[in-house]
Amino acid sequence: MSNRNLISFLRVFEKDSVIESVITPIIGLVVGLLIVAIIILLEGVNPITAYQELIFGAIGTKINLFSTLLKFIPLSFTGLAVTLAYRAGVFNIGAEGQLYIGALVATWVAIKVNLPFYLPSLLALISGMIVGGFFAFIPAYLKVEKGINEVLTTILMNYVGINIVGFSVNSFLMEKGQTAPQSPLIERSAHLPIIAKLEGIHLHIGIVLVFVIAFLMYDIFWNTTWGFEIRSVSINIEASKYGGINAKKVIMIVMFVSGAIASLAGSTEVLGVQYRLMENFMTGYGYDGITVALLGGLNPLGVLAAAFFLGALRNGAYSMQIATGIPISIIYVVQALAILSIISASALYKKFLAEN
Amino acid sequence: METLLELKGITKVFGDNVANDGVNLKIFKGEIHVLLGENGAGKTTLMNCISGLYIPDQGKIFWEGKEIQVKTPQDAAKCGIGMVHQHFMLVDNLTVLENILLSGLRKRFAFLNKKQKKREVLELMRSYGLDVDLDTQIWQLPVGLRQRVEIIKVLYNDAKLIILDEPTAVLTPYETEELFKVLKFLTAQGRSVIFITHKLEEALRIGDRISVMRRGKIVHTFSSTNVDKNLLVRLMMGEEIEEIKGKKSSKVKKDKREIILEVRDLYVKNDQGTIAVKGISLEVGKGEILGIAGVAGNGQSELVEALAGLRLAIKGNVYFKNKDITNAPPRLLRDLGIVHIPEDRHKHGMIGEFSVKENFLIGSYYRYPFSKRMRLQHEYIEKYARMQIKKYNIKVSDIRMKAKYLSGGNQQKLILARELSKFPELIIAAYPTRGLDIFATKFVHEKLLEYRDKGASIIFVSSELDELMEVSDRIIVLFKGEIAGSLSAKETDKKTLGFLMAGETLLFSERK
Ligand SMILES: Nc1ncnc2c1ncn2[C@@H]1O[C@H](COP(=O)(O)OP(=O)(O)OP(=O)(O)O)[C@@H](O)[C@H]1O
Ligand SMILES: [Mg+2]
C-alpha cells in the first residue's frame, strides 16, 4: 500500500464530529478571504466593497441564491464521491472522468428513450451511475488485484472520460445540421423534475438527492456494519482482515458507488440545467470535489457546508469581477489558502493539545 | 553516587486522568534503575515526559544538576537521553541503516555519504556485539530484531541515559541474556539505564535500584539487594497474591481423546519468501493446552498466522473437527469458534485510531446482538464494552477515547477480553500475556485454564518457559521451522526445553 503516508497525512483533515466539520470550512474560507483582502487592497480596490459584491452575487437575491445552489449540487456530488472513497482508504481523483462519462450516458439515454412520467430522466440517471461506477471500479480492481496505484489510474481515466465525451458530441451524438460540438436538446419529457422556478432559473430535484445521499452516507459510516468495514479498511487493512473483513471487496464496492455518485454531478447538470451535452460542459468540478471533501472534514455533512460555500464563492466572484474588476481566478487563491490554513490550524491545535 | 537525572514533582494529566502525580526520582550515573508498576500506573507516560514526547504539566527536570527543558525528542537526544519505546517507532519501508541514520542528531547530510556512515554503524554494532543486517527493510524483521535496531539508534546518538520500555516483553530468555550483557556493558562505561519491566525476577537480577509506581506516584525506591518479590508485589498492588500452585491437569479424560485441531505436513512462507514452517504436523485435543516454545523467528509466527487465516499455507492441511480449514479466511474461522490473540497487537489486534468501544467490535461487528440487520446496536455495544472493561480491569476513563491512548498492557487486555468473550472452541494465543503486569498475567493464566476445563482447546505460544510449563499440558519446541521436540509439560524442565530451542537433539527426549 503505497498511499499509507498520504492517508496519514490527510488525516489532519478528518473530522468525525459534525459541528467541527461544518465549522472548519467556514474558518478556512474566512482566513482565505482575509488574506486575499490584502491582495485586493494592493490592486487599489477596497476589499470591503469587493466582498460586499461577492456576498451579494452569491446570496444577495433569490436568483443569485438559486444559481449558487446550482453550483452547490455538482460540487456536493463530487465532494461526497471523494469522501466516500477516502473513508475506505482510496483516492478517487477520477470524479471528473466519472461525471463526464455519466453525463454522456445519461444524455444518450434521455435522447433515445421515450417514456412518460419522468421515467426517461430516472433511467438516464441510473444508467449514468452504472457506467460512472464502472469507470471508478476499473482503477479499484487494478489496485486490489494488480497493486497499481489508483491515483495514477483515476487521473488517466479522466482523460479517457473527457475525450469520449468530446468524440461523441462531434460524431454520433452531434446535433443534426449543426457544426458546434454539442448534442441535440433533450426533450422536455426527459428533464429532471423541477422543485422551484424563478425567472428562467430552475432548481431541479438533484438538490434533494444531494441531501439524501449525504445523510445516508453519514448514517452508514457511523451506524452500520458497512461503515465499520469501510472505515476499518482505510485505517488498518491488516487488522480489518484479522477481524473478518474482505478488504478487496470493500474497496471495489466503495469505488463503484463513489463513481456512481460522481456521475450524478454530470448527469443532473445535463438533465436539470443545461439540457444538452457540450464538449467541456463543466470543467474542473471533479477536481473541485477534492477541495470540497478536504474542506468538509471528509465528513458527508461537512461536505455539504463546504460545497455551499465554494459554490457561493464561485457565483459571487462573477459579480465581484463585474463590479470591481477583481478577476474570478482570485477565488482559487482563497480556496488554496483555506486548505493551507486548515492544515496549519490542525497542526497548531495538536501542538496545543500536547502542551496542555 | 553522582546524580545524572533528577525529576521533581512531575505531573501529567490527560483529561481527568492523572497519569503522573508529582513524581520525584533520581537516576545515578552508571546504574540500572528498574521501574515497576501495574498496567496503567504511568510508567510510559513518565518516560515520555523525560524523552520529550510529552511536556509535563508541572515539575522540573535536572540533568547533571542543571535544570533542562525537554520539549521535543530532539532536545532530549541533545542532552543524551534516548528511549526505546514499548511500541517501536521505526519507518517500516526504510532499511535498518536508513532508520538509524534518520534518527535524531546526526540526521543532517546523513545520506550523503552512506558508505562511510554504514561503516560507522557497523563499527558501533561490533563494539556492542549487536548484529542486524543493515540493508533489510524494517517490515521484514521479527520483533526481537526491531528492538535491536532501536537500541542501535539510541547508541548511535551517544545517549548517556538509555530508557527501555518493557524491552524483554518481546524477547526470549536467550535474547534477554544478550540484552543484559549489553546493558551491563553500557553501565560499565558510565551510562545509565532506566528499565521498565513486569517481570520481578528480572528486576531483582538486573536492577541496581528499583522504583515501584502505583497510580501515578512513585511509592518507594529500593536498592535491589534490600528487597524481595513479596514486598514488591505488595507495594505494586497493596496486597499479596498467591501464585498458581502446581500444575492443574486437564479435567477432560484422556482415554477418549477427541482431536479438535489437526495439522498435517504444513508448509508456510515468511514475508521474505523463504519457507518458515517446514512440514509441521500436530494435534490438539479437546480440553488441552498445547504450548509452543522456541526462539523467536523459528516459525511460530508464521505457523500461528497460517492457522488463523492470515497467511497462506503453501502445502499441507489443517483440520478443525475433521473439517478441512486449510487457508480458510478469518471470518469463516471466527464463525467456527476459533479465536486468535495475535502476536502484534498494533498490526492485527486493534485499530488505534478507533475508539475503545469500536475496538470491541472487531471480529464480531456483523453478529447479533452487536448489530441487527446491518445496524450497529450502540446501546448493547457500550454495555458490553463496559462489562468487559470491568471484568478484565482495563484502565479506561472514557470508552470513546482512541484505543491508542490506552497503556500498552491495557491494550492487550482489551484484545484478550474481546476474543475470550466469544465462547471459543479453539483459542490460538500468541504471547497473550506480553506487556501484562503480574496480576493480569495471573488472571489470563487462570482464564486459559478455565476455558480448557470447559473443553476449549488452546494453542499457547510464549517465550516464557515458566508460564509455558505452568499452563500447558504438552509443549512442542520449534526450531528452524520444524518440531524439535514434543514433551509432556509435567515431565520436562527448563534445561531440556532450552536445549531443544537451541537446536540440540536430545537423546532422552520423548520424541513422537
Ligand atoms: N496520550 C494520552 N491520552 C490520554 N490518556 C493517556 C495518554 N497516554 C497515556 N494515557 C493514560 O495514562 C495512564 C497511564 O498510562 P501509561 O502508558 O503511562 O501506563 P504504563 O504504566 O506504561 O502501563 P503499561 O504497563 O500497561 O504499559 C493510562 O490510564 C492511559 O490510558
Ligand atoms: Mg507502558
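## Nonpolar cores

A nonpolar core is a set of buried Ala, Val, Leu, Ile, Met, Phe, Trp, Tyr and Cys residues joined through side-chain atoms within 4.5 Å. The model examined here is predicted. Its largest nonpolar core holds 161 residues. Within that core, Leu277(A) and Phe360(B) touch the most other members. Helix H4 of chain A, residues 62–87, supplies the largest share of this core, with 13 residues. There is also a second, separate core of 48 residues. Among its members are Leu101(B), Leu183(B), Leu186(B) and Ile206(B).

## Around Phe360(B)

Which residues does Phe360(B) contact, leaving aside its neighbours within four places in sequence? Tyr384(B), Ala385(B), Gln388(B), Ile389(B) and Ile394(B) are in contact with Phe360(B).

## Fold of chain B

Chain B contains 17 helices and 22 strands. Its C-alpha trace spans about 70 × 55 × 45 Å along the principal axes. The radius of gyration is 23 Å. A compact globule of 512 residues would have a value near 24 Å, so chain B agrees with that expectation.

Take the contacts in chain B with a separation of 6 or more: 67% of them join residues 24 or more positions apart. Of the 512 residues in chain B, 56% are buried.

## Surface and charge of chain B

Chain B exposes about 22,400 Å². Carbon and sulfur atoms supply 51% of that area.

Chain B carries 81 positive and 66 negative charges.

Note on methods:
Residues numbered from 1 in each chain as written. Chains lettered and ligands numbered in written order. Predicted model: local features only at pLDDT ≥ 70, side-chain atom pairs only at ≥ 80, totals over all residues. Heavy atoms only, no water. Buried < 20%, exposed > 50% of the residue type's maximum accessible area, 1.4 Å probe, protein only. Helix = DSSP H or I, 4+ residues; strand = E, 2+ residues; numbered from the N terminus. Contact = heavy atoms within 4.5 Å. Rg over C-alpha atoms; globule rule 2.2 N^0.38 Å. Areas by Shrake-Rupley, 256 points an atom, 1.4 Å probe, with all protein chains shown as cover. Lys, Arg positive; Asp, Glu negative; His and termini not counted. Charge placed at Lys NZ, Arg CZ, Asp CG, Glu CD.
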